[in-house]
Amino acid sequence: MIEVTEAAQKQLADFFIDRDVKPVRVFLNESGWGGPSMAMALDELKNNDQTFEIGGFQYVVDKDFLEKANPIKVDFSPVGFSITSSIDLTSACKSCSTTGSCC
């Protein structure tokens, strides 16, 4: 299941005002020095995806990932999008062994 807050839906609607609407993929971004984080990107539908229609937009999540991450929540605040799930992302950073995000 995916929950998308009203604030996140409004931000996406504003983003797509002058653009072609495309599916929004929610995924685990494992690259970067700050450790893994939840992310979103415009993408195409793939064979192993679960789709969700919310607020006129199509969200896609890999079915295997969704089993591990369920539930997923997409929100928006003045500092940007925030994506949370049942996955614990506070484990040690690979590059500096800190917990949470690296400095």
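Reader: Which side chains meet in a salt bridge at 3.0 Å, N to O?

Author: In general, side chains of opposite charge can pair when their charged atoms come close. The rule used here asks for a side-chain nitrogen of Lys or Arg within 4 Å of a carboxyl oxygen of Asp or Glu. In this predicted model, Asp-14 and Lys-10 meet in that way, 3.0 Å from N to O. Both residues lie in helix α1, 4 residues apart, about one turn of the helix. Asp-14 is partly exposed at 36% relative accessible area, and Lys-10 is exposed at 53%. Buried means under 20% relative accessible area, exposed over 50%, and partly exposed in between, with a 1.4 Å probe and protein chains only.

Reader: What should I know about numbering and confidence?

Author: Residues are numbered from 1 along each chain as its sequence is written, and side-chain values use heavy atoms, with hydrogens and water left out. As the model is predicted, local features need pLDDT of at least 70 and side-chain atom pairs count only at pLDDT 80 or more, while totals for chains, interfaces and linings use all residues.

Reader: How many salt bridges are there by this rule?

Author: The count is 4. One of them joins Asp-49 and Arg-25, with the closest N and O atoms 2.6 Å apart. Asp-49 is in strand β4 and Arg-25 in strand β2, so this pair ties together parts that are 24 residues apart in sequence. Asp-49 is buried at 9% relative accessibility, and Arg-25 is buried at 9% too. Another salt bridge links Asp-43 and Lys-46 at 3.4 Å between the closest N and O atoms. Through shared partners, Arg-25, Asp-43, Lys-46 and Asp-49 form one network.

Reader: Which residues touch the most other members of the largest nonpolar core?

Author: In soluble globular proteins, nonpolar side chains tend to be buried together. A nonpolar core is a set of buried Ala, Val, Leu, Ile, Met, Phe, Trp, Tyr and Cys residues joined through side-chain atoms within 4.5 Å. Here the largest has 19 residues, and Ile-2, Val-4, Val-26, Phe-52, Tyr-59, Val-61 and Ile-72 touch the most other members. Elements giving two or more residues to this core include β1 (2-4), α1 (6-15) and β6 (72-77). Leaving aside neighbours within four places in sequence, Ile-2 is in contact (heavy atoms within 4.5 Å) with residues including Val-26, Phe-52 and Ile-72.

Reader: How are the rings of Phe-15 and Phe-16 placed?

Author: A pair of aromatic rings is described by the distance of the centres and the angle of the planes. Rings of Phe, Tyr and Trp (its six-membered ring) pair if their centres lie within 6.5 Å; planes under 30 degrees apart count as stacked, over 60 as edge-to-face and the rest as tilted. The count is 3 aromatic pairs. For Phe-15 and Phe-16 the centres are 5.0 Å apart and the planes at 80°, so the pair is edge-to-face. Phe-15 is partly exposed at 34%, whereas Phe-16 is buried at 5%. Together with Phe-57, Phe-15 and Phe-16 form one aromatic cluster.

Reader: Where is the cis peptide bond?

Author: Most peptide bonds are trans. In this model a cis bond joins Asn-70 and Pro-71, with omega about -5°. Pro-71 is in the loop between α2 and β6.
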